[in-house]
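The sequence and the structure should be kept in view while the points are read.

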Amino acid sequence: MGMEILGIDFSCAVESLSDGKLPEKDCLLPLISKLLGYCIVAASTIVKVPQILKILQHRSVRGLSVAAFELEVVGFTIALSYCLHKGLPFSAYGELAFLLIQAIILVGIIYYFSQPLGTKTWARALLYCGLAPTILAGQIDPVLFEALYASQHAIFFFARVPQIWENYKNKSTGELSFLTSFMNFGGSMVRVFTSIQEQVPTSVILGSVLGILTNGTILAQIISYQKPPAKKGKKVE
């Protein structure tokens, strides 16, 4: 009798354990992959919340690259639409939907604290609002779709480069959230494993590898540029 929950087949593991044995590798790895995939999806619902809260708390976007966050929205939109179009299992890409929603909210908050906005910024925002529904619905030429997806790795890479450069130039990470950056890095590492197990296209795995490199760089910058707490002077009696 099958024992399937949310597309995860527990039957082989349950049978092995009921016989007093450890599940075989061929049974255990896909099971772990599915569970980790859903863990990433669950964690993705709050991954950008620390960054959003930090900006709201300090009412500042100091040290944040607007272009980096705008490109991230574009990258998430393309990646999500591609996964939907390919019919991949939700556990293999579900986090993209939640990340896209939070990324849009984050850009909106950055715009709010970056007043006044220039004409080019408004033009970019309106262009995205006009094109995003068509891309998410998959209503574009298949060849163009593949080209867009191929370009989204470059988009994510260049979304991180302005922020990495900004951090390096200022020798500070400003209002960047350590917790959000750490979850981005950890999520990319886990997603490489789950993508291999789900046998997704190599291009999807490449995106996660690039995520490890760029998110790891930003995380290292946050740690290395962190200022030690100021020592309190001794009280003079």
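1. The model is predicted.

2. The largest pocket. The space in the largest pocket amounts to about 650 Å³. Its lining is made up of 35 residues, and Glu95, Leu99, Gly187, Ser188 and Arg191 are the closest to the centre. By class, 19 residues of this lining are nonpolar, 12 are polar and 4 are charged.

3. Where the largest pocket lies. Which two domains give residues to the lining of the largest pocket? They are domain 1 (25-140) and domain 2 (142-226), and because both contribute, the pocket lies between them. At the level of helices, at least two lining residues come from each of H2 (25-44), H4 (66-86), H5 (90-93), H6 (95-112), H8 (142-170), H9 (178-198) and H10 (202-224).

4. Glutamate 95. This residue belongs to helix H6 and is one of those closest to the centre of the largest pocket. Is glutamate 95 buried or exposed? Its relative accessible area is 10%, and the cut-off for a buried residue is under 20%, so glutamate 95 counts as buried. When residues up to four places away in sequence are left aside, glutamate 95 touches Ile40, Val41, Ser44 and Arg191. Of these contacts, Arg191 is also among the residues closest to the centre of the largest pocket.

5. The second largest pocket. The volume here is about 500 Å³. There are 20 lining residues, and those nearest the centre are Glu70, Val73, Val74, Arg124 and Tyr128. Two or more lining residues come from each of H4, H6, H7 (119-136) and H8. Helix H7 gives the largest share, with 8 residues. The lining divides into 16 nonpolar, 2 polar and 2 charged residues.

6. Aromatic pairs. The structure contains 7 aromatic pairs. One of them joins tyrosine 82 and phenylalanine 145: the ring centres are 6.2 Å apart and the planes stand at 85 degrees, so this pair is edge-to-face. Tyrosine 82 is in helix H4 and phenylalanine 145 is in helix H8, 63 residues apart, and the pair therefore links distant parts of the chain. Both tyrosine 82 and phenylalanine 145 are buried. Ring pairs also bring Tyr149 into a cluster with Tyr82 and Phe145.

7. Tyrosine 112 pairs with phenylalanine 113, with 5.0 Å between the ring centres and 85 degrees between the planes. The relative accessible area of tyrosine 112 is 54%. The cut-off for an exposed residue is over 50%, so tyrosine 112 is exposed.

8. A cis peptide bond. Which peptide bond is cis, with omega near -5 degrees? The bond in question runs from glutamine 115 to proline 116. Proline 116 is located in the loop between H6 and H7.

9. Positive phi values. Arginine 59 has a phi near 50 degrees, a positive value in a residue other than glycine. This arginine is found in the loop between H3 (49-58) and H4, and its relative accessibility of 55% makes it exposed. Lysine 171 likewise has a positive phi, near 50 degrees, and is a residue other than glycine. The place of lysine 171 is the loop between H8 and H9. With a relative accessible area of 45%, lysine 171 is partly exposed.

10. Helix H3. Which residues of H3 are buried? They are Pro50, Gln51, Ile52 and Ile55. The buried residues of this helix pack against H6 and H9. After H3 comes arginine 59, with the positive phi described in the previous point.

11. Phenylalanine 182. This residue sits in helix H9 and is partly exposed, at 44% relative accessibility. Phenylalanine 182 and asparagine 215 are separated by 33 residues in sequence, while their C-alpha atoms are 7.8 Å apart in space.

Technical notes. Residues numbered from 1 in each chain as written. Predicted model: local features only at pLDDT ≥ 70, side-chain atom pairs only at ≥ 80, totals over all residues. Heavy atoms only, no water. 1 Å grid on protein atoms, 1.4 Å probe; cavity = no way out; pocket = protein on both sides within 12 Å on 5 of 7 lines; lining within 4 Å. Points joined across faces, edges and corners; volume = space filled by probe spheres on them. Helix = DSSP H or I, 4+ residues; strand = E, 2+ residues; numbered from the N terminus. Nonpolar A, V, L, I, M, F, W, Y, C, P; charged D, E, K, R; others polar. Domains from an automatic or database assignment. Buried < 20%, exposed > 50% of the residue type's maximum accessible area, 1.4 Å probe, protein only. Contact = heavy atoms within 4.5 Å. Phe/Tyr/Trp six-rings, centres within 6.5 Å; stacked < 30°, edge-to-face > 60°.
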